[in-house]
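Reader: I am new to this structure and would like to learn how to read a few of its features. Could you take me through them one at a time?

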Amino acid sequence: MSLSPALRIGVDSGGTFTDVCLWDGATGRLSVWKVSSTPADPSEGIATGIGQALAEAGRAGAEVAYFGHGTTVATNALIEGRGARTGMVTTRGFRDVIEIRRQMRPALYDLQARKPEPPAPRDLRLEVAERLRFDGSVARALDEDEARAAVRRLRDAGVEAVSICFLFGYLAPEHEALVARLVAEEMPGAFVSTSHEVAPEFREYERFSTTTVNAALGPVMRGYLGRLAPRLAAMGVNATPHLTQSNGGVISAEAASRFPVRTVLSGPAAGVTGALAIGRAAGVPGIITFDMGGTSSDVALIDGGRPRMAVDVAVHGNPLRVPMLDIHTVGAGGGSIAFVDSGGLLKVGPRSAGAFPGPVCYGLGNGEPTVTDANLVLGVLNPTHLLGGRMAIDRGRAEAAIARLGAGIGLDAMRTAQGIISVVTANMAKAIRVISVERGYDPRDYVLMAFGGAGPLHAARLARELGMARVLVPRSPGILCAMGLLLSDLRTHLSAGRMLPLSAEGLAGLRDGFSRLESQAACWFAEEGIAAADRATARAIDLRYEGQGHELMVDCPDGPLDETALAEVTRRFEAAHRQVYGYASPEEPIRVVTLRLEATGRVPKADIAAHPRAVTDVAESIIGTRQVWLPEAGAVVPCPLHDRARLGPGHRVAGPAVIEQMDSTTLLLPGQVATVDAWLNLMVEEAA
């Protein structure tokens, strides 16, 4: 991988906007750009955004040395059921595992709740006679002729992708590997997904689900990357694309096409990575991230400079057993639609107006008011345009739509608009409590970092709702996810299912398991071209008390795996158990469930540079006054309008005030003060 300080580009393709971030390693200059997304083919919006950003910066595509990309392609395909026609080959008697699920209703008292259809329909889930025991030994060898016949049936049924999932296949992959070879012989060009490669862990339902989702998404991701590459080449961009994983690291496009399931939280994960880097530079180790875009709000917790990880997540009802940042998402974005339900209550989301037709103020045909329309009516947003003047909007249309909505509940337009903001704030506060209070963390101990195009608009009220004393708004909040791509290292997570006691008698198994993972990591480093000096690994273990149904992941110390290491792992597990459940049971034996290894390849990244103290007066940043309706004052209040680009380190802005920039708008409430730090972040606090 080149270490030259050439132009590096990060692109985050969201549901409403596509964000582009350019960093010139030679000059340290950072340029940002936003264009409307193109949901039908995201590569079109990406190409448009990159082309405009390069033209604005006066640069050529051939100068681009690195291209990082956060995408919602896999997520949207999964949610919308647009996966490829997928078949499955599995152990006889187990084809219905992914449909029986865990027999748990998603909504306990909703008798009409419907579970999502499995990615592979029942008639395309074929069984073969083979059986492995719990220790990986062979109880019944695989019949190659029967397996070949099953593969041919899938071929004749027009299957595009095949999921291969055998019971205990993660312990002995030979049977799965043999069927994969048969698929390659009988169905050349078909996408193949094996459980021992995708999710080599116990719990067959989660492993089968993850593997089958990966298979269904494979042709979709492969087709998308196949469309993106020629668009980039046409602009002279020859850098190999790297995609963000759900774990916050990046992988090559080739790896993403093989394991698309690792990218289902691609965009939000890049935002957490960017927030982590900014928080580290600003000396803020405890952060709750608040990423509010056009379609949804994503929140995560960073404690002690490290984001929380999760290995059991569900996306649109499909459990995925892959390491991801612990991000919680709610349908509360700028484009979320407000409506009155059958009981006469005002609700917001999860339906979104998206990029097209978008909010009412876009004038593209939508008549249902959104959160963006509410902010426009209240006076928080510019009444004539967005994106620094490049996108015209119509305040009158928004006000008329909100007035119609309010007429049904007896409120005028202004109070209806504020009601929309209050409802969406409550929804976002609930999301933050999920990743903080429900995990044993007090949100008041953290700084709220607000980003995304709409995050800074709502952060002040959200922080007050949660009792959080400080809000940090990055320099370019609207494109932080794109910038996070320029702050990410290459990263992969490897795992191995092992049922062992956490005691001296299990040490040999622990050493052998981690040794195998380290060998896999060495191969990955070599494939990615990571120099020895830029390689790093970190171990973790999933543990539970004997007889427990769920486990906790804890870090395993570096160095030799001996009884001293076991004592430290035990201490960390008991501390984690107290954090989550409120107690520990030192007398109970502890069982190892899964071994994990995080492999990181350090790569050149954009710098977050400090700036000298401003020599201008803060009054020079004021570009006008706007009438804003504030419930805190109970009236329309004249608020000074500040240009964010004119604010420098040391400047202080007292609320109420509105701070505008191309990619976002920040609202300060009465009694709040924003101070610009050396990295051009806004630190918002309650006035003393």
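Reader: Where is proline 656 found?

Author: Proline 656 is found in the loop between strand S33 (652-654) and strand S34 (657-661), where helices (H or I, at least four residues) and strands (E, at least two) are DSSP runs numbered from the N terminus. The peptide bond that leads from glycine 655 to proline 656 is cis, with omega near 5 degrees. This is a predicted model, in which local features need pLDDT of at least 70, side-chain atom pairs count only at pLDDT 80 or more, and totals for chains, interfaces and linings use all residues. Residues are numbered from 1 along each chain as its sequence is written, and side-chain values use heavy atoms, with hydrogens and water left out.

Reader: Which residue does a cis peptide bond join to glycine 349?

Author: Glycine 349 is joined in this way to proline 350, with omega about 0 degrees, and proline 350 is found in strand S22 (residues 346-352).

Reader: What is phi of phenylalanine 168, and where is the place of this residue?

Author: Phi of phenylalanine 168 is near 60 degrees, a positive value in a residue other than glycine, and its place is in the loop between strand S9 (161-165) and helix H5 (174-186).

Reader: Why does phenylalanine 168 count as partly exposed?

Author: Buried means under 20% relative accessible area, exposed over 50%, and partly exposed in between (1.4 Å probe, protein chains only). Phenylalanine 168 counts as partly exposed because its relative accessibility is 22%.
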